[in-house]
Structures are given as structure tokens and as C-alpha cells.
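Hi,

Here is the structure I promised to pass on. Have a look at it first, and my notes on what turned up follow below.

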Amino acid sequence: MKVVALVSGGKDSSYAMMKCQQYGHQIVALANLMPVDDAQDELDSYMYQTVRFFLHSTFFACLISLMNEDRLELNVFVCELGLKHYGLNYNMTPGDEVEDMLILLKEVKRQIPSVSAVSSGAIASDYQRLRVESVCSRLGLVSLAYLWKQDQSLLLQQMIRSGIIAITVKVAAIGLDPSKHLGKEITHLESHLHKLKELYGINVCGEGGEYETLTLDCPLFKNARVVLDKFQIVLHSPDQIAPVGVLHPVEYHLEKKLVSLSNDKSNEVPVGESDSVCEVLGDSLDILEAPCLKNDVICDLAVDTKQELHFSKSRTDDTFSIACWLQDASRTSADVREDLEVVLTKIESLLIEHNCSWENVLYIHLYIADMNEFALANDQYLKFITQEKCRFGVPSRSTIELPLLQAGLGRAYMEVLVSRDNNKNVLHVQSISEWAPSCIGPYSQATLHKDVLYMAGQLGLDPPTMLLCDEGTAFEFQQALENAEAVAKCFKCSISTSAVALIIYCSASLNSSDRAAIENQMDVCLAEMKLRLISGSRSNMPALINGPVILYVLVPDLPKRALVEVKPLLYCGENMETPTGVAKQGLCTRQYHWGFQHESWHNDCIQKCIISGRICTAVISITQEIATKICSEAVDPDEAKSKVNTEKQIVRMAEFCIYLLDNVLLENEFSWDDVMNLRIYFTASSHTSHGMLSTIFTNAFNEFGERSKRIDSDEGPIFNLVPVLGAGRSATSMDNIFTCELFARKF
């Protein structure tokens, strides 16, 4: 991509540009914001570093010499800076300092239409990153933040080893003395900065404002370096603990490097105004931005009377799930957009009925019939779910292709998890970085709500290139797990210790050896992650004793033609207590329905992960062997052994699933009102339609409700039937007839 680099003259923006080149991007412009009053050394800005502005012309000259050597044109754009700043999350605010950046980048885009990305040196500041991403989104640009979330100790070392020579031009932290440490090269301060980190917890890269730097030389400067001949120290604050001082240059020049293509024999390079420098003036109120998609769809289902629309809802009140699908095998639609519009419209109306909106949605499962229509589905999705509608953060999302048409459904099926309160923490990083895959659009990496982390499905993408790992299935799966771990670290947890459920979607293109490699890699990766935790600073992190439930689901296709997708569910609370196995008297008496009596083989069907009084996750797996045992006493023995599942057999299996789920809940002191999600996966085939199974399970739940009084069946279905190609506890045997995935929690 052609990139405009946001530059301050310091080490971070310099190294960010080097990273852009490393990943094959072309820097075609530099952009800088400077104070209106050039008599000020520094301005109070949360967004920009202005202490170096007096040397920007020198810095630009070095970079221009680089591009001239490569026979490329480098344009420099500068804009005067206003200084109003508001809260962390950002919406367009006239007069905010961010609007100055918008003016600047809009002019860059006008003069260089081929620019498609913006580079910045953000490392840990959400305030800066979110604002750069907001501007990029409004102008149709991609944000590149290759330093984001990097370990600062390692990052500083990489900057120094890469050849960046930078000096401190501001210090403002305990242990940094203006008289001793200003004007020093970071390579000479590295050990001192690490000592201050150990003593006082400072950011060794200066990300907390501890210090600022000026790049005198780096590999980007091919022809010349900056030389400071004379400078003075200006003390801004004589605080005895953390004095603040800045370095003010008095005399400086550019010095030619020994290796240069220039024929000029003089050693000093003149510094002056360049024809490539453009001063940008403007008014933020007059900015014309990229059109923002608005939802002009009216929630009027009258137009959809010809379509058989179904939905389900969990029983919990404050946090609940809604699923919606079209069930009409004879109806055909032009593409996924038509069906998805109907589904989204219905869900939107149901949200309104419950005094909610899209901003109350925590997580979305988007199922489509054809991954070739992914872009079309996204276009329709964007008409309903936007960042403007989700003030507290857009929901996390997983998108999967399912055999919907084979099951007699429409082209789109959606589940949403909803919370009436907006007490959530949403991680939405749109910038491309080395940290984890970006989410460019109205869906986030993860949403934390009341100690539960709902993470978006993670593919095996290489974060800085956003390309799938091409070293084989095992490595692609490993990368997906590492991406999930990077997201988990942002919430101070790990998938190796905090996951209560791991759903692994496997593409149908995988062969048997690929599936075996995935299962083997799972154990290896989780073990390595635990070892890193033990040897690292998070060795005291609480860990689950019995580990997560793990379910492998076989699907026709995944986004970007990925082979595997990982969807973790994590518990991030401090209380990780799990049941001791000693039953409380009178609280876990087994319930016997439909004549089922507990037998030891029942345990072979169940995976569960319980956090006492808080979380219950469980998976019930009904294989052909288990089905034979279930049906042996209730149906004709010869019929029970048949692989063709008759309606009578399916009814018996449905009753058994409900019986087991009820006992899991009861034994762990949960009720059906605590259930937030219940998915029942089935293998789509000509023998079992979605409609028939829905009727069977609905009737079974109704009968169970009447008998047990533990569930109110009058409120409609509590479960979602999800057609798949296969599912199972092992990647090598995804041949379950039915698989029930339950998630319940107490508040």
C-alpha cells in the first residue's frame, strides 16, 4: 500500500516507518501537526508530541533525501494544531485536536489519491490509536500501527539494534534528571531505563510521557544525518521528585553520510524550505468525509409475510440470547442480502421490544450458506450495525458457512447475545499491527462483560500482513491460538488457564491427517502457553482445575478460505473455584425423566467446566454408539442398531439430551433460567430436516416442562438448532448425531 506516515521526529514514528517498509509498503508522504505559536517548546496535547517541532524541517530533509535517492517523490504536509481534547472514545467533535489531523490527511488524500494507509507510532495509548482509527475510518484509509501492544523492553532493544540513533529532548519522570539525561542517546540510557522500570514501573519506551526523543539518524536517512552543534536545557518544572525539562537546539546542521550518491563534495547539507512541503490550512467544520452507511431499513415485517421466520430466546432477563432464521426450503432469494435483511430486521424489532438496541449486543454469530457471499453479507450487516449505533463498542463476531440450504433454511441465520446494561469492556483494534489480526469494521476482537470474555473467532492470520499462515494446517492452527492468546492478554488472562470453552471450527477441505495435526497441536500450544505463564510475570494467575470443554465442529467453509477458526470463551474473574465433587445434601438429587436411570456410560457423553456459583459450560455428545445404547430399551432392538435414525429414535435421543443437561444444571446448582445459550448441532442430511428436529425438540422440552416444572415452555423455544457437517470431542471423529453446547451463568 502507499502510506502517509504521521511523524513527530521521534524514535517511535521513525521505527514505524521502517516497519512499513519491512512489510512491503511504500511511504509517499509525511504528515505532521505543529503548534500555531512557534515560540512554544511544547503544547499540552494528549494526541501529539510537539517538543521537537523546531527540527522538523531538518528531519524532513533527511527523509526527502532518502526518497530522492530511490527516485521517488516524497511529499510533506504540515498543519497547525488546535488543543481541545475530550474522553477516551471518540466521535466527530468540532474543535477537537483530532479534527486537525482529519484536515491534514484529507489534504494528503486530495493531492495523492493513491494513498490508502496511515502509519503511526502508537504503542500502548488507546486514546491515540482510537482517534487515528476514527480519522482513517472517516476517510476510507487503513491504519498501520506496527508497534501496537509490543513488549516495550523488547521494542526498545529492537529500535536500538535496528540502527536508530535518537536522543532525549524531554524528560518528565522520576529518575530522569534534565541536567544529566537530556541530549543522551537512548542506547546509552537503555540500562538506566530498565532499572527505573524495576524501581518505579516506568514505560521504557516513554509511552507514558516519561521522555521524548529526536531521531538524529536511522536506516531511513540514506544521505545525511542530523547533527546538533549547540543546545540549551529549558526547565519547565523544578519538581524535586520528577523534574520536567526540554532540550532546545540553538545550532544544528545536516551532515552527509559516507555512502552517498550525491556528487556534491561539501560535507554539509543546506537546510531550508523544500518545494515538497505543503502547509495545510482549513476548518474542521467544512470537512467532507467518506459517506457513512446509515440504516434506512424500517422495522416493518409486513413485507415479509411470505417468508417463514423463526426465532428463539433464552429465559434469562438481564442478559439473554436471540436467534433468528428463515425456514422455507421452497423459497429462493437472489443472494444472502435479502435473507439477512429479513433476519436483521426481525432481531432489531425484538431488541426494541425488550427496550434494547444494537449497542446492547455483546456477541453475534453470523451463519451464511455460501462464504462466496461474505462481502455481500458484510454490506447488509453494515446497514444495521454501525459504530455510531454502538456507543459503548461494537459487538464481537464469528462468521461461519453452514449447510443451511441442505437443512431447509434460508441463506442467513443469526444469533445475538444481549445485555440490558452496558457495563462492558470492548476491545476493537482496527489498526494493522504485529499484535493480533485487526478488525476493520463494526465487529470487535473481544467483549468483556461481568467477568466473561466473549472473543471473536480467530483465524490463523499473520497479523502484520493479514495473510493466512501458509506453512501447513498445524501452523495455521497454532497462529490462530496465538492470536487468541494475544487478545486474552489484553484482559490479563490466558486461554490456557481461563478458557471455559474452546470451539474449533474445521473446514471440510481438511483431510484426516490435517485433523489429527490440529488435535495434536492443541495440546502442544496450550502446554507451551502455560509454561510461558509460569516463567513470566503472570505466574500467579488463577487457573481452572478441570480445563475447558473442547468441541470440534466441521463446516463447509470459513472466512478467507481458512482451514480452522478458534472461538474461545473465557472466565476472567478472580474466583476460579471449581466443585470438589462432594455433593451438597438435597441439592443434587438426580432427576429421572422418561424412564432414564443413571448409568456409568452417561459420563462418557458429557464434558463440563464448572466455576461454582458462576459458570456452567457443558457439551453432550451423542455418537452412533451412544445412540444405540439410548434407544436399545425404548425401540425395537433391530431398529436401535440401524444407522438410519428413525423419528422414534430421534425423539428418544432428544429426551436423553434434555435429561442429561438437566442433571448437569441441577448437580451444580444452576437452573434453566440461568441458561444463556443452548445450541444443538446436527448433521444436515436428507434424513433429518431442521423443521422436523425443531418440532421434536420443542415437544420434548414442552413435555419436560410440564413434568418437572423447572422450565416454562410457554415462552417459546430456548434452544438453537444449528446444521453442520459434523461435530465431536475429537477432530478425528466429528461424527456425532447430535451435540448439545450449553452455557449458563449466575449474576
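**What I found**

At 57% relative accessibility, Glu706 counts as exposed (exposed means over 50% relative accessible area, buried under 20%, partly exposed in between, with a 1.4 Å probe and protein chains only). Bear in mind that this is a predicted model: local features need pLDDT of at least 70, side-chain atom pairs count only at pLDDT 80 or more, and totals for chains, interfaces and linings use all residues. Residues are numbered from 1 along each chain as its sequence is written, and side-chain values use heavy atoms, with hydrogens and water left out.

Back to Glu706, which sits in helix 16, residues 690-708 (helices are DSSP runs of H or I with at least four residues, strands are E runs of at least two, both numbered from the N terminus). Together with Asp673, Asp712 and Asp714, Glu706 makes up a negative surface patch. Patch members have over 30% relative accessible area and no salt bridge, with like charges joined within 9 Å and nonpolar side chains (Val, Leu, Ile, Met, Phe, Trp, Tyr) within 5 Å.

Arg707 is partly exposed at 47%, and Glu703 is partly exposed at 28%.

Now for a buried pair. Glu133 bridges to Arg129 with the closest N and O atoms 2.9 Å apart. Those two are four residues apart in helix 4 (residues 126-139), so about one helical turn separates them. Glu133 has a relative accessible area of 2%, and Arg129 counts as buried at 4%.

What about a bridge between distant parts of the chain? Asp217 pairs with Lys257, their closest N and O atoms being 2.7 Å apart. Asp217 is in strand 7 (residues 211-217), while Lys257 is in the loop between strand 9 (244-256) and strand 10 (268-269), 40 residues away. Both Asp217 and Lys257 are buried.

As for the whole protein, the salt bridges number 24. There are 16 helices and 31 strands, and 58% of the 747 residues count as buried.

Cheers

Key:
Areas by Shrake-Rupley, 256 points an atom, 1.4 Å probe, with all protein chains shown as cover. Salt bridge = Lys/Arg side-chain N within 4 Å of Asp/Glu carboxyl O. Lys, Arg positive; Asp, Glu negative; His and termini not counted. Charge placed at Lys NZ, Arg CZ, Asp CG, Glu CD.
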